[in-house]
Amino acid sequence: MTVTLADVAARARVSPATVSRVLNGNYPVAASTRERVLRAVDDLDYVLNGPASSLAAATSDLVGILVNDIADPFFGIMAGAAQTQIGGPGDGSGRAGGEKLAVICNTGGSPERELTYLTLLQRQRAAAVVLTGGAVEYPEHQAAMAAKLAKMADAGTRIVFCGRPPLPEGDALVAALAFDNRGGGRRLTEHLIALGHRRIGYVAGPPERTTTRHRLEGHREALRGAGLGTDAGDEERLTVHGPYDRRSGYEATLDILRRDPTVTAVVAANDTVALGACAAVRDQGLRIPQDISVAGFDDLPFSVDAVPALTTVRLPLFEAGARAGRLAMGKENPPPGGIATIAAELMIRGSTAPPRVG
């Protein structure tokens, strides 16, 4: 049943005019009243039709692209690529053709902000939503996401995941383009083991993220496959979690080297973290790779310019983002079953080599 303005007013114990004032923001309303109205809107999942009020299931020319951090090249590359397909050039006349207006929504990694942006896009009848990067694995958040996306899909919004797996429950997707983070993490650590490394530290991302879990699982699969990961306590001792930023890489690497000075290699959760790891190694008076090898993940543009160039795992970020944009626009057919796993490629460079013994 469609929720009306009157329903919201009754729930908030105010007049329909007051609800309208709060939602339109065109008249001062007491803070307590405003909070009561907004809580009723959320509780009832009320959708403001806006310009499309005469068409309950209409969609707008708006496409939302949700990112954790637009300043992070991982997200910036995917969002920019998606936008080339969503809001690309028209016929050169300056008139809008089949393009949509792409809006970048920066969540800051907050599950609450992710849901808030989806609600705002829902109220604007967004034609499509592209969600990028790893998902938060809190069960409550996943359930809320599945419910929200299902309602948006029912109203005609196309839902595309880019660089993240589908939700455990929820079939509202047009497509999910998931990177092979687990396979990439496994091949990266296998490379280090093949070089002769036996004590390998790991700087992981936030533990609640799917990307973090999958990359760490791949790393540990490689260790166990070589008979190096039989001690769970030792695995945990050589693993430090933190944000996906340079400072985390720096501090976590110092922590790992304090915990075990025999470590000869450090694997970082992404290339930005790896830069911090490299700085920590140098500040300890150690050489890369002669004393400590360092490896990253993603193959961001700066990784090849590091000194020495960074061994990493290449994810086709631009290609994936562009494909997500085409799927959001209906320019490309979804993959079979709606899910595609995108391969990761090992890029071996100068930051990894010794110690080979025997």
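**Salt bridges in close-up**

**View 1. Arg287 and Asp291 meet through their side chains in a salt bridge.** The N to O distance is 3.1 Å; a salt bridge is a side-chain nitrogen of Lys or Arg within 4 Å of a carboxyl oxygen of Asp or Glu. Arg287 is partly exposed at 48% relative accessibility, and Asp291 is likewise partly exposed at 29% (buried means under 20% relative accessible area, exposed over 50%, partly exposed in between; 1.4 Å probe, protein chains only). The model is predicted, with local features requiring pLDDT of at least 70 and side-chain atom pairs counted only at pLDDT 80 or more, whereas totals for chains, interfaces and linings use all residues. Residues are numbered from 1 along each chain as its sequence is written, and side-chain values use heavy atoms, with hydrogens and water left out.

**View 2. Glu137, Arg182, Arg213 and Glu217 form one network.** The four residues are joined by salt bridges that share partners. In total, the structure holds 24 salt bridges.

**View 3. A salt bridge between Lys100 and Asp61 links distant parts of the chain.** The side chains meet at 3.3 Å, N to O. Lys100 lies in the loop between helix H4 (73–86) and strand E2 (101–106), while Asp61 lies in the loop between helix H3 (31–44) and strand E1 (62–67), the two residues being 39 residues apart (helices, H or I, of at least four residues and strands, E, of at least two are DSSP runs, numbered from the N terminus). Lys100 is partly exposed, its relative accessible area being 25%.

**View 4. Arg187 pairs with Asp180 in a salt bridge.** Their closest N and O atoms are 3.9 Å apart. Arg187 counts as partly exposed at 27% relative accessibility, as does Asp180 at 24%.
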